[in-house]
Amino acid sequence: MAEHWFISGANRGIGHGLATLLAARGDDVGASVRSEEARERLQHDVARHRARFSIFVFDQRDEAGIRAAARELTGPLDVLVCNAGAYGPQTQSTLDLDFPGALDLFDINTLGPLRLVQAFLPLMLRADNPRIALMSSGLGSMATEGSTNIAYRAAKAALNKIAQGLAHDLKREKVTVVALNPGWVRTDMGGENADLSVEESAVGLIETIDALTLADSGRFLDYRGRDVPW
Ligand SMILES: NC(=O)c1ccc[n+]([C@@H]2O[C@H](COP(=O)([O-])OP(=O)(O)OC[C@H]3O[C@@H](n4cnc5c(N)ncnc54)[C@H](OP(=O)(O)O)[C@@H]3O)[C@@H](O)[C@H]2O)c1
């Protein structure tokens with residue numbers, strides 16, 4: 001049965017892969033982009049599918065913009081994928097950090113997904129099996145050593161904590177919350193040497209999210225549904 005999904009950051013990369021695959025299989029899709037031009041391009045990419053596809057323009061640092069989009073959606077919303085994210089400033093090592101750039105990255109990668117969850121939650125509470133997936137990264141895992149791109153790693157580690165907190169706080173409402181690692185994917189962010197195509201990652205992520213139940217809430221999973229150490 002068709003479900004209603006919302007994917008943030010759907011104009012390129014993994015979000016685009018998720019949104020177009022979901023449209024192709026006939027789900028109802030809400031998607032966010034950041035400009036009218038991106039909206040037109042995405043609309044063109046999904047035009048051949050008969051799915052209901054709505055595109056909203058907002059930046060995930062903009063709480064009012066996110067809330068306005070949520071007000072336009074008619075629920076119930078089955079799945080929210082907080083996918084949009086950035087890699088942050090050029091200078092981001094522990095010993096030499098672009099502090100304003102790092103703060104901005106936290107605003108986007110850590111607080112942005114939480115803004116989405118808070119705005120879309122009322123629509124999710126009306127679904128039978130509501131699932132929230134926060135797009136994290138293996139680089140945010142405490143089990144992964146290395147310190148390159150420390151602001152990105154720290155922002156994703158903080159997002160993991162938010163995923164865990166949401167899973168705890170929404171259990172009574174029967175909302176499943178997970179953090180996801182999409183793998184290393186060939187996108188603008190992942191670069192051309194990455195392991196996976198967008199389609200390989202997106203197919204696995206959709207299978208993983210399809211299979212989620214409340215028993216999975218609070219897990220950190222990769223695109224093949226395997227546990228990732230926090
Ligand atoms: N690629 C990988 O190997 C990899 C690995 C681990 C985790 N991830 C995570 O997976 C997610 C998607 O990554 P990707 O590789 O597809 O990245 P990408 O190709 O760089 O695409 C990023 C998407 O996020 C949007 N975005 C960036 N800043 C935003 C903001 N302030 N507000 C709203 N949207 C914003 C972009 O929109 P614009 O086009 O307008 O900039 C774009 O749609 C990210 O959360 C990333 O951290 C990726």
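To start, in which sense do strand E1 (residues 4–7) and E4 pair, parallel or antiparallel, and over how many bridges?

Author: They pair in the parallel sense, and 3 bridges hold that pairing between E1 and E4. A quick word on the ground rules: this is a predicted model, local features need pLDDT of at least 70, side-chain atom pairs count only at pLDDT 80 or more, and totals for chains, interfaces and linings use all residues. Residues are numbered from 1 along each chain as its sequence is written, and side-chain values use heavy atoms, with hydrogens and water left out.

Helices (H or I, at least four residues) and strands (E, at least two) are DSSP runs, numbered from the N terminus, and two strands pair if DSSP finds at least two bridges between them. With that in hand, the protein chain has 6 helices and 9 strands.

If you want a spot to look at, find Phe6, which stands opposite Leu80 in E4. Strand E4 itself covers residues 79–82. In a regular strand the side chains alternate between the two faces of the sheet. In E4, Val79 and Val81 sit on one side, Leu80 and Cys82 sit on the other, and all four are buried, which leaves both faces covered. Here buried means under 20% relative accessible area, exposed means over 50%, and partly exposed is in between (1.4 Å probe, protein chains only).

Strand E7 (residues 131–135) runs parallel to E4, joined by 4 bridges. Look for Val81 this time, as it stands opposite Ala133 in E7.

Keep going from E7 and you reach E8. These two also run parallel, with 5 bridges between them, and Arg131 stands opposite Thr176 in E8. How many residues of strand E8 (residues 176–181) are buried? The count is 6 of the 6, so E8 is largely enclosed by the rest of the structure. On E8, Thr176, Val178 and Leu180 point one way, while Val177, Ala179 and Asn181 point the other way.

Asn149 has a positive phi of about 50° although it is not a glycine, and at 22% relative accessible area it is partly exposed. The loop between H5 and E8 holds Lys174. Phi of Lys174 is also positive, near 60°, again in a residue other than glycine. Lys174 counts as exposed, with 55% relative accessibility.

Finally, zoom out to the chain around those strands. Of its 230 residues, 50% count as buried. Contact means heavy atoms within 4.5 Å, and among contacts between residues at least 6 apart in sequence, 68% join residues at least 24 apart. Gly13 and Val198 are 185 residues apart in sequence, yet 6.6 Å apart in space, C-alpha to C-alpha. The C-alpha atoms of the whole chain fill a box of roughly 50 × 40 × 35 Å, taken along the principal axes.
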